[in-house]
Each structure stands twice: as structure tokens, then as C-alpha cells.
Amino acid sequence: MSLSKSKSAKFIILIVLIGLLLHTSFVIDSNAQKQSNSSNKSALKLDQLISKFCKSNEPGVSVAVIKDGDFVYKYSMGMANLEYDIPITSSTVFHVASVSKQFTVFSILLLEQEGKLSIDDDIRKYFPEMADYGDTIRLRHLANHTSGIRDIFDLTNLVGIRNEDMISNDQTIKLITSQKGLNFKPGDKYEYCNSGYILLAEIVKRVSGLTFSEFTSSRIFKPLKMTNSQFLDFPELIIKNKAYSYFKQDTTYYKSLLNFSFVGSTGLNTTTDDLALWALNFERKVIGNDIIFNKMQERGRLNNGNLIPYALGQELKNYKGLEVVFHGGGDAGYRSYLLRIPKHKFSLMILSNSQEFNPLDIAYEIVDFYLGSKEVEEVEHKSDSQIEPSLMNYFVGNYEILSGLIATFTKSDNSLFLQFVGDTQKLELPQINRNEFIYPNLPHSKFVFNTLDGKKSNELKWHVSDFVYEGNRIELTEFDKTKVNLKDFVGQYYNPEVNTMYQFLIKENQLVARHNKNDDINLLPLQPDIFISNMSFFGEVKMIRNERNKVIGFYLSGQKSKKIKFEKLNIN
């Protein structure tokens, strides 16, 4: 991935996103040498589709498709290791990032079935060391991403820990349980949160007496004969046939290192062959039963009664009339996607070791290839009559999407333009429907403004691959930024929840946040006493003043961590 991306792209890169085997009816298994079964000419179309996004001498992809209990397609392209020219095959092991989450929930539900816990238990039953937030957080909240707990990646970034740094499961647990505040009341909102799944994995450990790796090995992988699968809770462990992950800068590939060893939210290392065994288990029920599988596909419900798209460790959506159960993942240079369409006994596994690869480039074209005739709804086609440039006037304005990420929409010559506050790039957004606009800087991305009734739009949804970020219209007060007295904010600030300190100083007439591990963070004045930055974990800084108008601290809000209070040291 190019290291010289615009600030708007940085936010999403930081925010922002698949024995038991029977004899196959036919199999195509290609590696870097492009071995294939030419007797099935139709499947060669998929080879051509995938090869548009991969090259044999670069990081690549492993793909497998199951239909009616059999493999119908397998394809591998590219290199697992660029240093030794080792090709990717269906037995190459990949880190699958958030695809891990369904295994975590499954483990919890196995223990629930044995009467050892309940998905509706209060988490403080298992974590008495956690703060009492005044509202009960249940295991279900963790699994549905509705807990309000601050996300681990915002917290680790804040203390200067990156993917390439060593951090253990115990360290992440301590960091999460040290937090004194929540982002929102449990159950009020759906906000994707990795911390919840780290806590769920720890609960499996504390209830079963086994490490999460040991539990999943004995209770899931061995019964399913997933012989090349394991949760990595010890980063120095050698994993045979493992693919390295890579990113690209200009025309050169570099290793994208991944050394953290926390599990539950991530941490699974597996193959497309093994994931096929897991997908088949939802049909064959070698382990688990209908009670467990039905729970895993039950959408979460908010306090206001609204359903969310996330179930337990899996996401749900309708694609052209097909009910799809899926989850994607991405850590370092690894990309993964596991998709199931239960009604048609169809499963798709996609694993990659290239940060440039997006599984959505091929996933639903493969679905169309096999199940296009099964669609029960026509695809909605956009027509010129649905595009009304005059409606753009309702969309013009400022919208806060994430903390510190503010999108300004303007209209000119029947076109809508976007510029993020603090970014120099102004983009024209192609209109595809009366309230939908493509975001050209990211694939599979668009803005959708809320329903119009002859009034200004107050909300929008930013679709980025399978993620949706909600934005709300805000009004910004005009003020002279050159008259901000930056000296008011100079000093050292400390927060005990993350046990870290930032120094605010003036550098080249700009306020800068300096940390002993992180790079300097430039702070841009947004409103009086409010600053924003281009780092997602340091998105918005709201200064705190006392009765004498002296700055005594600030509240920090990142993409998924809100109102972390830093107190100023040595106040005069």
C-alpha cells in the first residue's frame, strides 16, 4: 500500500475493510504455475476474474467454493513468500483477522450449552476488576458490538503500540479493563469493537481452565479435522506453510509485520481447505447443534428495538434476494472473507496476503457465477430520471462521521464535491442515485444521504466495503484561527487509564502532540478550544479550562474511543 495516501484515506485505512471432505464433483486448483482442470471450461472464467487482481510473482490469493457439500472450485495464485519464491496453495496458512470472531462466539455458546455460562451474563461476573459503569454490560453486548467499550486498537495506538510490536493477551486485557468510561450506554448503539471479543476469549479461558488456543484446538479444530488451524497466542511459534503478509509502496513490496498475540477478535491462522470444513459444519453439525447455529444468525437488537446487521460473530445481509452470512477480516497485509448462503448450501472462502487486495473485488462476482439464476429479486438499476442534481442543495454542509473526521460537501455546476476538513484534496463525487454518490478514492465506497422531504439532509451513511459509518450534520462557527493563543495549551498531559503522557508544544506555529513512541501529531484548530488531527486514534481534542480560564486538561476522542480524559501536569 502506498505510504503517501491522502488524510481522508488514512482514516479508513486506520478505521478503515472467508476426513470431512467428500470427493469433489470437480476441482480446479491453480497455483503460481496455473495448474488447472481444462475439462471445466466455464470455471476458467473465474480464473480470469481472479487473475486480474493477482500476479504469479507477487503476493496473492487462495480461493475455494463449496456447493452442496462438495468443492466446486479451488484456485490459488501468487506467492506465499517473496524471499524464497514459495507459491500459494490451498494448504497455505493465512492469518484471517476478524473471521476469527465466529469461532470465539461458537466457543462461548458451547460453554453455555454445558451450563457453564450464559450469553446474557454480566461481564463483571468474569471481570470483577472492571469498573462499574452504572449499566450492565452482558456477554451478548460484547458479541453484538453494542457494549460501548473502547476499542483495543485505539488504545494500543494511543500508547504507541503497532502491529509490528509485541503485545500479549494479558496486556490487552489489562488495558481494556483499566478503562473508566464507555463510548455509549450498553445497547444504545452498534459500533464495531475488537475489545469485546478479546474479553470473550478470556472468559472462555477463565471458565474452561484452558487457554483459548487449547480450547479451540480440542473442541473445534480436532473434531472437524482442521489440522492446519490454530489461534496464535505466542507470536514466536513456528507455523508450517504460513504466508507472509505484504504491502506495496510504489512498485516495491515490503513485509507487513504482525507480532501481536491477542486472540478472540483476531489471531486465527488457517487455510481455505480448513475453512471449508468449518463452513460445512453449519450444514453437517459434527459439533454444535441448531440451537447454537440459530443463535449465531440472530441479529442483535438495540435498546430502542431496532435490529442491527450484526448477529453473533457473523454479519447478515441480503444480496439480490440471497440471504448471506459473512465476515471479512484484515490485519497487516492479510485479507480474508468467509461467505455462506445457507439456503443453497453455498460457501466461499477467500484468503490473501496482499494489503492491496480487496476480497469484494471478486466475492460477489463468484456468487453471481454460481447462483445468478437463483436470485429472487431483480437488481435495482439506476436511471437518469432518478438523478436530480437540484437535490444536491439539501446535502451541502458539514458532517462529522468519526471523531475529528469532518466531511464538507459543496455544490458546483450540478456536481457534488467533498473535502475533508484538514485535507487539501477536493473530490467530485459521481452521482448514482438521487441521494447516493460514489467515493472515488476507495473501491466499494459510497455516500448515502438520509431520506429527503424537502428539507436539508441531517444524516448520511458512508459505505466502505461492508462497513457503514454514520455521519451527522454539524454547524461550525466561523472564527479567526490565526488568533488562537497556542501558548495556552503548551504542557504535559497524562491519563492513568492508558498510563501514557503527551506533550503539547508549538512547532512551526502549529500545535503538536508529542509522544515518546508515536510520531508527532499536528493539531488543527476546528473551533475555539477544539482541535482535530489526521490520526484516527487522536481524532478530536477538546480542551478543559477551569474557573480562572486556565487549561487544565483535555478530552480525547478517537475513532472508537470517546472522551478519554488527560489532565495537565504542573498547572501554574
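Reader: Which residue in strand 25 does Gln503 stand opposite?

Author: Gln503 faces Arg514 there. Keep in mind that this is a predicted model.

Reader: Noted. How do strand 24 and strand 25 run, and how many bridges join them?

Author: They run antiparallel, with 5 bridges joining strand 24 (residues 500–507) to strand 25 (residues 510–514).

Reader: Remind me, what do strands of a sheet pair through?

Author: Through backbone hydrogen bonds, and the pairing can be parallel or antiparallel.

Reader: What's up with phi at Asn509?

Author: Asn509 has a positive phi, near 60°, and is a residue other than glycine. Asn509 sits in the loop between strand 24 and strand 25.

Reader: Buried or exposed, that Asn509?

Author: Exposed, because its relative accessible area is 74% and the cut-off for exposed is over 50%.

Reader: Where is Lys285, and what is its phi?

Author: Lys285 is in the loop between helix 9 (272–284) and helix 10 (290–296). Its phi is positive, about 55°, although Lys285 is not a glycine. With a relative accessible area of 32%, Lys285 is partly exposed.

Reader: Switching to hairpins. How many residues are there between strand 7 and strand 8?

Author: There are 2 residues between them, and Asp250 in that turn has a positive phi of about 60°. Strand 7 (residues 246–249) and strand 8 (residues 252–255) pair in the antiparallel sense over 4 bridges. Across the pair, Tyr246 stands opposite Lys255 in strand 8.

Reader: OK, helices now. At what angle do helix 3 and helix 8 pack?

Author: About 75°, with the axes of helix 3 (residues 101–113) and helix 8 (residues 212–221) 11 Å apart. That angle makes helix 3 roughly perpendicular to helix 8.

Reader: Which residues make the contact?

Author: From helix 3 you have Phe103, Thr104, Phe106, Ser107, Leu110 and Leu111, and from helix 8 Phe212, Phe215, Thr216, Arg219, Ile220 and Phe221. They divide into 8 nonpolar, 3 polar and 1 charged.

Reader: And helix 2 with helix 11, at what angle do the axes cross?

Author: Roughly 170°, and the axes of helix 2 (residues 44–51) and helix 11 (residues 363–371) come within 11 Å. So helix 2 is roughly antiparallel to helix 11. Helix 2 brings Lys45, Leu46 and Leu49 to the contact, while helix 11 brings Glu365, Ile366, Phe369 and Tyr370.

Reader: How do the residues of that contact divide?

Author: Into 5 nonpolar and 2 charged, with no polar ones.

Reader: Thr172 next. Buried or exposed?

Author: Thr172 counts as buried, because its relative accessibility is 0%. Thr172 lies in helix 6 (residues 169–177).

Reader: Which residues is Gln431 in contact with, leaving aside neighbours within four places in sequence?

Author: Gln431 is in contact with Ile387, Glu388, Pro389, Met392, Glu436 and Phe437.

Reader: Last one: where does Asp68 lie?

Author: Asp68 lies in the loop between strand 1 (61–67) and strand 2 (70–77). Asp68 is exposed, with a relative accessible area of 51%.

Reader: What does Asp68 touch, not counting residues up to four places away?

Author: Asp68 touches His344 and Lys345. There is also a polar contact of 3.1 Å between the side chains of Asp68 and Lys67.

Reader: And what separates the C-alpha atoms of Asp68 and Lys125?

Author: A distance of 43 Å, with the two residues 57 residues apart along the chain.

Note on methods. Residues numbered from 1 in each chain as written. Predicted model: local features only at pLDDT ≥ 70, side-chain atom pairs only at ≥ 80, totals over all residues. Heavy atoms only, no water. Axes fitted to C-alpha atoms, helices over the stretch in contact; angles between N-to-C directions. Parallel < 35°, antiparallel > 145°, perpendicular 65-115°, else oblique. Contact = heavy atoms within 4.5 Å. Nonpolar A, V, L, I, M, F, W, Y, C, P; charged D, E, K, R; others polar. Buried < 20%, exposed > 50% of the residue type's maximum accessible area, 1.4 Å probe, protein only. Pairing = 2+ DSSP bridges. Polar contact = N/O pair within 3.5 Å; in protein donor to acceptor, adjacent residues only side chain to side chain.
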